[in-house]
Amino acid sequence: MANIVAIVGRPNVGKSTLFNRLVEERKAIEDNLSGVTRDRHYGHAQWGGKFFSVIDTGGYVMGSEDIFEKEIRKQVKLAIEEASIILFVVDCMVGLTDLDADFAKELRGTDKPIFMVANKADNLDDLLMANEFYALGIGEEIIYPTTATSGSGLGDLLDEVIQKFPDEGEKDPDEGIPKLAILGRPNVGKSSFLNALIGKERSIVTDEAGTTRDAIHTRYQLYGKDYILTDTAGIRKKAKVKEDIEFYSVMRSLRTLEDSDVVIIMVDATRGLEAQDVNLISLAIKNNKGMMIMVNKWDLVEKDHKTMQAFKDNMTDKLGENKWIPIIFISALTKQRIYQAMELAMQVYENKQRKVSTSKLNEVLLPEIEKYPPPANKGKYIKIKYITQLPTKNPVIAFFCNLPQYIKSPYTRFLENRLRENFDFTGVPVKITYKKK
């Protein structure tokens with residue numbers, strides 16, 4: 001069994017602040033507004049030489065009919081089922097509340113180790129207030145006063161937590177696993193796609209734009225291969241972002257793009273490729289990410305045998321020079337082609353790792369260059385003599401020649417096209433550089 005720590009409790013007790021402190025990143029959005037965290041949010045932490053996963057959850061409110069609070073309760077229960085250790089977080093400054101007592105009743109049904117974390121213990125009065133929570137009669141014998149904002153008291157808590165882990169947890173479970181990020185505008189179906197893939201409600205889905213706020217990481221396996229899939233908040237134009245929470249959500253989404261290996265741009269079939277989608281594609285290219293476009297809600301489009309090709313041609317025209325980005329049409333609702341989409345994403349990842357031998361590059365491309373050499377510049381002839389792929393993380397092809405400064409961008413596009421025709425770099429930005437020889 002994996003080492004998984006779930007952070008649970010009522011709203012506004014500092015669960016996301018504690019999560020960020022444990023994973024040592026500002027991954028979860030923190031705000032004084034109740035209900036900011038909605039989905040289960042995963043990260044990795046290390047203490048005493050042991051790695052473990054941490055789940056942040058939304059605030060648990062009993063009996064509420066609010067659509068989000070009902071869905072949050074489901075997510076919290078799933079987190080408790082997944083976890084091997086539970087951190088029940090309460091608020092020293094406020095003291096014991098009815099919501100704490102109600103949630104304690106929910107936890108009594110589990111046989112997993114529960115640690116009572118009395119957060120916001122900033123001074124002596126707050127420390128004394130922590131004693132109130134012994135009345136709940138839940139968890140280990142000791143209540144652990146902490147201050148998540150500063151990290152005070154967390155050392156003692158974690159020393160005890162790691163003693164309860166079911167396995168050694170001596171290595172990072174996500175090391176070397178391909179990271180795939182799903183990005184797009186609000187309400188295109190990113191969370192629905194993720195839920196359809198894994199067969200359970202990993203992310204909350206509603207018709208309201210902005211349902212997903214944090215970047216939701218999920219470990220996923222298909223055909224014997226592991227991935228880390230990240231569902232992100234929908235990204236709108238800056239001018240339309242009014243609330244701080246949405247601003248931070250967008251920042252998390254863009255940071256996820258930067259951290260990923262492959263970016264899946266999801267597009268709504270009923271709206272087509274829009275300017276905001278093209279902006280995201282440009283940003284992914286700038287960051288040298290593998291890329292694909294996934295057109296969702298294909299079941300809502302009236303179509304005949306020519307519709308898909310016409311749709312694809314229209315999108316390709318909007319992509320301009322970036323015609324190397326593959327496009328697949330899916331329906332998250334009916335699960336049409338969702339597994340083929342994952343196969344395509346993995347193919348793009350493999351293309352990103354592709355290393356072409358120097359001998360093969362020269363054997364294939366030098367005859368092409370001889371037929372169509374670079375145009376002469378100021379009466380000087382350019383001679384490309386040698387080609388090799390540089391040992392970089394992303395594909396970079398170096399062309400050694402006598403006058404690299406005179407090669408213009410149209411000829412660079414010609415070389416890139418010949419590269420793509422002969423070697424499979426589908427979905428991957430390829431950089432061409434010239435070096436003097």
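Lys 120 counts as partly exposed, at 23% relative accessibility; the term covers values between buried, under 20% relative accessible area, and exposed, over 50%, taken with a 1.4 Å probe on protein chains only. Please bear in mind that this is a predicted model, in which local features need pLDDT of at least 70, side-chain atom pairs count only at pLDDT 80 or more, and totals for chains, interfaces and linings use all residues. Residues are numbered from 1 along each chain as its sequence is written, and side-chain values use heavy atoms, with hydrogens and water left out.

What is the partner of Lys 120 in a salt bridge? The partner is Asp 91, and the closest N and O atoms of the pair are 3.0 Å apart. Asp 91 lies in strand 4 (residues 85-91) and Lys 120 in the loop between strand 5 (114-119) and helix 4, so the pair ties together parts that are 29 residues apart in sequence. By salt bridge I mean a side-chain nitrogen of Lys or Arg within 4 Å of a carboxyl oxygen of Asp or Glu. Helices (H or I, at least four residues) and strands (E, at least two) are DSSP runs, numbered from the N terminus.

Another of them joins the side chains of Glu 321 and Arg 413, at 3.6 Å from N to O. This pair links distant parts of the chain, 92 residues apart: Glu 321 is in the loop between helix 9 (307-319) and strand 12 (327-329), and Arg 413 is in helix 12 (residues 409-422). Glu 321 counts as exposed at 60% relative accessibility, while Arg 413 is partly exposed at 36%.

Helix 12 also holds Arg 420 and Glu 416, four residues apart, about one turn of the helix. An α-helix has 3.6 residues a turn, so residues three or four places apart point the same way. The side chains of Arg 420 and Glu 416 meet in a salt bridge of 3.0 Å, N to O. Are these two residues buried or exposed? Both Arg 420 and Glu 416 are buried. Elsewhere, a network of salt bridges links Arg 185, Arg 271 and Glu 274.

I turn now to the surface. Patches are made of residues with over 30% relative accessible area and no salt bridge, like charges being joined within 9 Å and nonpolar side chains (Val, Leu, Ile, Met, Phe, Trp, Tyr) within 5 Å. Lys 383, Lys 385, Lys 436 and Lys 437 form a positive patch. Of these, Lys 383 sits in the loop between helix 11 (358-371) and strand 13 (384-389), and is partly exposed at 49%. A negative patch comprises Glu 24, Glu 25, Glu 258 and Asp 259; Glu 258 belongs to helix 7 (residues 244-259). Leu 124, Leu 127 and Leu 128 make a nonpolar patch of about 300 Å², and Leu 128, in helix 4 (residues 124-129), is exposed at 52%.

Finally, helix 1. Eight of the nine residues of helix 1 (residues 15-23) are buried, so the helix is largely enclosed by the rest of the structure. Among the buried residues are Leu 18, Phe 19 and Leu 22. Just after helix 1, Glu 24 takes a positive phi of about 60 degrees.

Notes
Areas by Shrake-Rupley, 256 points an atom, 1.4 Å probe, with all protein chains shown as cover. Lys, Arg positive; Asp, Glu negative; His and termini not counted. Charge placed at Lys NZ, Arg CZ, Asp CG, Glu CD.
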